[in-house]
Amino acid sequence: MENQNFKFIKPGEIRTRIAPSPTGFFHIGVSRTALFNYLFAKKHQGVFILRIEDTDVERCKPEYEKDIMENLKWLGIEWDEGPDIGGQYGPYRQSQREEIYQRYLEKLLNTEKAYYCFCSEEELEAQKQYLMSIGEPPRYSGKCAQLSKKEIKKYLAEGKKSVIRFRVPAKKVEFDDLIREKIEFDANLIGDIVIARDLSIPLYNFACVVDDFEMRVSHVIRGEEHISNTPKQILIQEALNLPRPKYAHLPLILGPDRSKLSKRHGAVSMNQYRKTGYLPETLINLMAFLGWNPGGEREIYSLASLVREFSIERCQKGGAVFNIKRLDFLNGFYIRQKSIDKLTELCLPYLITSGLIEAKSNPEILKLPLEEKAQFKIRESGEEISLETLKKIVSIYQERLKKLSEISQLTDFFFKEKLEYDKDLLRWREITDKEIKHSLDKLRKVLSKIRADEFNKENLEKILLPEAEKLAKEMKKPIGPPAARLPARQGEAGDRGYLLWPLRVALTGKQASAGPFEIAEILGKEKVLKRIKKAKELIK
RNA sequence: GGCCUCGUCGUCUAGUGGUUAGGACAAGGGGCUUUCAAUCCCUAAACACGGGUUCGAUUCCCGUCGAGGCCA
């Protein structure tokens with residue numbers, strides 16, 4: 001029985017598909033299914049198909065279809081056949097396949113494996129309520145199953161509202177799931193299902209069977225929520241005499257409350273993650289490990305290495321919670337792997353959209369890859385800023401970045417004229433205002449002696465570090481009451497914070513930042529002195 | 001309600017008829033350090049429960065419980 005399934009496919013040819021409905025933005029669930037289908041196909045040199053299930057004209061929108069394709073591409077999940085690629089088994093939009101469905105529908109109708117049903121919704125609803133009240137599964141009574149040809153013809157001619165029902169045979173259905181092994185259903189409990197609203201509007205289970213066959217899909221890999229659709233589809237296949245593809249039902253992706261991940265859990269659309277500044281390699285790596293793992297202890301995998309390692313046997317059965325913390329960790333990791341050039345390219349759009357900088361000449365600058373001659377200016381001051389400088393800024397924040405969007409709030413002080421911060425932020429430990437001023441004065445004195453063209457990290461370090469040590473020693477012999485301050489820290493180095501903390505705050509206005517020396521270098525002598533002066537003014 | 005699926009640290013998971021039940025994220029502590037990161041070290045943390053089978057079950061079988069999905 002198994003062998004016959006593959007008659008219609010070239011020996012060994014693996015063909016998988018995803019079949020999203022463009023009724024909303026591309027989300028995590030579909031993309032994980034897409035990923036697994038892609039991995040499985042590519043692993044076996046097979047074909048991955050993108051089919052668009054857009055029969056619901058009310059809810060489907062072209063923009064959503066575009067969104068699906070854009071995000072798949074962004075993730076690097078390229079399809080071999082799909083909406084507009086490779087017409088051999090197409091068209092690949094269900095809305096364009098009406099005739100095909102009609103052909104199969106007529107076949108079922110003619111062989112009496114399907115029939116017209118004229119029951120009204122109220123009738124059906126009442127019946128269902130009754131069945132449920134007596135503890136029976138709510139299935140169709142079969143009232144219209146026995147209608148004579150004459151009656152049917154008459155009703156149709158009258159234009160009586162109807163649907164097409166599939167005559168579900170009373171039998172046990174059994175199939176082998178690649179992940180779950182044998183699964184069994186009793187079709188007796190299903191009742192005759194509606195497979196089409198009319199000859200031109202097929203419903204999901206029917207269309208799916210027809211398409212999967214017509215498109216020569218060898219493996220149906222989909223979410224666990226489809227397990228209960230499978231027996232229905234198998235029965236329809238059998239009625240149509242179609243071969244059975246292999247099935248694999250992936251565990252669900254869950255929200256923190258362990259129910260199926262959905263909008264109410266917050267961010268689910270791929271766009272949102274993309275906009276926040278998660279990298280495609282992050283999403284791929286995380287999604288791959290939701291319900292699958294290669295067995296070893298390695299956890300970092302690129303799409304290419306996943307293709308190499310993937311195996312459907314190693315898929316998990318239980319649902320997996322989508323863990324944002326882990327996503328952040330992985331994203332930080334992949335950000336750290338980026339070259340500065342690349343990372344700068346990725347960060348620039350965020351700096352621009354948050355209004356910190358703007359492209360000087362070419363507003364198309366957001367288009368990557370970035371040209372070296374690209375020019376930028378600081379929005380607020382209109383001052384030019386070189387790509388070189390922007391790269392430096394990005395580079396000192398590379399290891400602090402978890403999401404690309406964070407770049408703006410982390411580095412905004414580079415682009416602002418006036419920093420807003422509380423004067424108490426300048427205070428290191430318990431030092432007095434007078435002592436802060438002392439530190440700032442010292443900084444100003446020392447820094448103004450450095451030549452502007454030697455105002456770089458190395459020199460600053462060479463000069464300021466000894467000064468910081470010196471000050472630390474002074475502070476150990478407190479002028480004020482001893483109880484007023486914390487004990488100096490142990491260790492060889494003195495507490496450099498007395499000098500360096502006020503410097504950091506004066507330059508950044510923040511309590512967390514990259515090192516003050518590298519920041520000072522980027523800001524340049526003039527701005528550094530100006531900011532120190534401003535800090536001093538805050539004190540009194 | 002019916003049917004189906006699932007059940008190892010908080011989370012993702014490895015694993016086996018005999019293991020100190022392993023890793024990663026998160027958490028806590030510590031080192032480095034002017035801060036935040038990065039990085040390094042350490043700690044805590046799990047086999048849902050009850051019966052079998054067995055010399056021995058986390059592992060095999062049955063049941064219970066729990067969670068989820070689908071149907072409408």
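**Exercise 1. Work out how helix 12 and helix 13 are oriented to each other.**

Step 1. Start with the geometry. In this predicted model, helix 12 (residues 340–353) and helix 13 (residues 387–397) pack at about 95°, and their axes are 9 Å apart. Helices are DSSP runs of H or I, at least four residues, numbered from the N terminus. Axes are lines fitted to C-alpha atoms over the stretch in contact, and angles run from 0 to 180 degrees between N-to-C directions.

Step 2. Classify the angle. Under 35 degrees counts as roughly parallel, over 145 as roughly antiparallel, 65 to 115 as roughly perpendicular, and the rest as oblique. Helix 12 and helix 13 are therefore roughly perpendicular.

Step 3. List the contact. Helix 12 supplies Ile340, Asp341, Leu343, Thr344 and Cys347, and helix 13 supplies Leu390, Lys391, Val394 and Ser395. Contact means C-beta atoms, placed from the backbone, within 7 Å.

Step 4. Sort these residues. Five are nonpolar, two polar and two charged. Ala, Val, Leu, Ile, Met, Phe, Trp, Tyr, Cys and Pro count as nonpolar, Asp, Glu, Lys and Arg as charged, and the others, Gly among them, as polar.

A note on conventions: residues are numbered from 1 along each chain as its sequence is written, chains are lettered from A and ligands numbered from 1 in the order written. Local features need pLDDT of at least 70, side-chain atom pairs count only at pLDDT 80 or more, and totals for chains, interfaces and linings use all residues.

**Exercise 2. Describe the largest nonpolar core.**

Step 1. A nonpolar core joins buried Ala, Val, Leu, Ile, Met, Phe, Trp, Tyr and Cys residues through C-beta atoms within 7 Å. Buried means 20 or more other C-beta atoms within 10 Å of the residue's own; 12 or fewer is exposed, and in between is partly exposed.

Step 2. The largest core has 99 residues; Leu35, Cys347, Ile407, Leu499 and Ala506 touch the most other members. Helix 1 (residues 28–43) gives the largest share, nine residues.

Step 3. Domain 1 (338–414) and domain 2 (423–539) each give at least three residues. These bounds come from an automatic or database domain assignment.

Key:
Helix = DSSP H or I, 4+ residues; strand = E, 2+ residues; numbered from the N terminus. Contact = placed C-beta atoms within 7 Å.
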